[in-house]
Amino acid sequence: SCHDLKPHPLRLPTLHVILLPLLLILPRMTSSLSSPVRSIPVVGDSTVKVGPGQFSTIPADLKKRFPKISKFAIVSDENVWKHYGPALLKGCKDQGLDTIAYQIKPGEKSKCRKVKAEVEDFLLENRCLRDTCVIALGGGVVGDLAGFVAATYLRGVPVVQIPTSVMAMVDSSVGGKTAINVPAGKNLIGAFHQPRVVYADMKLLQTLNDKQVKEGLAEAIKMGCIRKPKLFEYMEKNAEAIMKQDPEALSEVIFDAISGKADVVSQDEKERGLRSTLNFGHTIGHAVEALPKKEVLYHGECVAIGMVHEMAILSEMGHLDKKAVDRITACLKAYGLPTDIPEELKVADLMHKMTIDKKNKNGKIRMTCVTAIGASKPDPIPVEEALITKYLASLKKQ
């Protein structure tokens, strides 16, 4: 009868042979399909959560994270608000969170004393007390402005950052630097105020144009240059996929760039030394950015220009090999980033802006000293004004 049949000795091994590869593959399949949100600790209780698709879960996370907060104040700009504001506001209200919102005009001009005062007056009119949390929903301008408001409002209330640009995601939202611009220069009035959490959701970058994407990637290339050689190499080899916002490639770049910044901030929160190296490209870059130009150049584009010319000066001083300069310049060009100082800018005006740079000490202009791709000195080095002037003047003759 059928009951007398003995199990075939091959059955168990066959099942085992089929199942084992599946068991090995499944975790990889599920992890790549779900792209889990990864956390990066920064300093104190400040954390960055990196991963696509977390935007809709932010209100529930805020409720869990801030049980003692009685009011949330979203600060955004009019452009970003159209895309993401109503959904965030509704999500917060659905969670039972008392939430108000204020929109500023988009653009760098809003990062000023006048607009800061307007946001503060709005908070005061809405009777926001110390148990208020500011939510910065936007790019670098919104993040810097809202962060500075939070740092000074009632001597400091918590802030949460939801960056919506590559620049804000890889750089300005992480590390607690907040500031406004004044007539004398960029970011000269501000405070260190760590965001309690930064939600870096790559899906919020889908509304950006190419110019906006590549300016943020300049900061990621910068991070590769100063301390992450593998990030630089990855960006060098995968420019096309990254520019097309391939989810895996972009996630890799953003996670690595944020990790690099978090590592620096954890060692030097208040920029006593090491953190100043993050300003590679910013000495000349900020000067270019601060002066009126024929063409509109974003912050990251100015940093790209600054990196190229600071490298050339470092190479003249004997700190950096010419091959490295060429490789970094080629990488920036692969992302369509500008590398030339606009010809209408005068040497004297650029030098004047550089003399009021925040990195300067004892009246000396200082630059981040990159010594190889992925390596830099722990402190910016002084560079003689005569050398910079001579170099900039030589460009005019070419």
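Analyst: Let's start with a term: two strands pair if DSSP finds at least two bridges between them. Helices (H or I, at least four residues) and strands (E, at least two) are DSSP runs, numbered from the N terminus. This is a predicted model, where local features need pLDDT of at least 70, side-chain atom pairs count only at pLDDT 80 or more, and totals for chains, interfaces and linings use all residues. Residues are numbered from 1 along each chain as its sequence is written, and side-chain values use heavy atoms, leaving out hydrogens and water.

User: How do you know that strand 7 and strand 8 pair?

Analyst: Strand 7 (residues 177–182) and strand 8 (residues 185–192) share five bridges, in the antiparallel sense. The rule asks for at least two, so they pair.

User: What makes strand 1 and strand 4 edge strands?

Analyst: The open sheet has seven strands in the order 1-2-9-6-5-3-4, with mixed pairing. Strand 1 (38–41) and strand 4 (99–104) each pair on one side only, and that's what makes them edges. On average, neighbouring strands in this sheet are turned by 20° against each other, ignoring direction. Within the sheet, strand 5 (residues 132–138) runs parallel to strand 6 (residues 159–163) over five bridges, and valine 134 sits opposite valine 159 of strand 6.

User: Which strands does helix 2 touch?

Analyst: Helix 2 (residues 58–65) packs on the sheet and touches strand 2 (47–50), strand 3 (71–77), strand 5, strand 6 and strand 9 (197–200). Contact here means heavy atoms within 4.5 Å. The direction of helix 2 makes about 165° with that of strand 9. Helix 4 (residues 113–125) lies across strand 3 and strand 4, at about 160° to strand 4. These angles run from 0 to 180 degrees between N-to-C directions, with axes fitted as lines to C-alpha atoms, for helices over the stretch in contact.

User: Why is helix 12 called oblique to helix 15?

Analyst: The axes of helix 12 (residues 299–316) and helix 15 (residues 385–397) cross at roughly 120° and come within 11 Å. That angle makes helix 12 oblique to helix 15, because under 35 degrees is roughly parallel, over 145 roughly antiparallel, 65 to 115 roughly perpendicular and the rest oblique. His309, Ala312, Ile313 and Glu316 of helix 12 meet Leu387, Ile388, Tyr391 and Leu395 of helix 15.

User: What makes helix 12 roughly antiparallel to helix 13?

Analyst: With helix 13 (residues 322–334), helix 12 crosses at roughly 170°, the axes coming within 10 Å. That angle is why helix 12 counts as roughly antiparallel to helix 13. Among the contact residues are Met307 and Met311 of helix 12, and Val325 and Ile328 of helix 13. By class, the contact has seven nonpolar, two polar and one charged residues (nonpolar: Ala, Val, Leu, Ile, Met, Phe, Trp, Tyr, Cys and Pro; charged: Asp, Glu, Lys and Arg; polar: the others, Gly among them).

User: Why is helix 7 called oblique to helix 8?

Analyst: Helix 7 (residues 210–227) packs with helix 8 (residues 229–237) at about 135°, axes 6 Å apart. That's why helix 7 is oblique to helix 8. Helix 7 passes helix 8 in a left-handed crossing.

User: Where is the pLDDT below 50?

Analyst: The protein's mean pLDDT (the predictor's confidence in each residue, from 0 to 100) is 91, and 91% of its residues reach 70 or more. Over residues 1–34, though, the pLDDT is below 50, and that stretch has two contacts in the model beyond near neighbours in sequence.

How values were computed
A crossing is left-handed if the near helix is turned anticlockwise from the far one by less than a right angle, and right-handed if clockwise.
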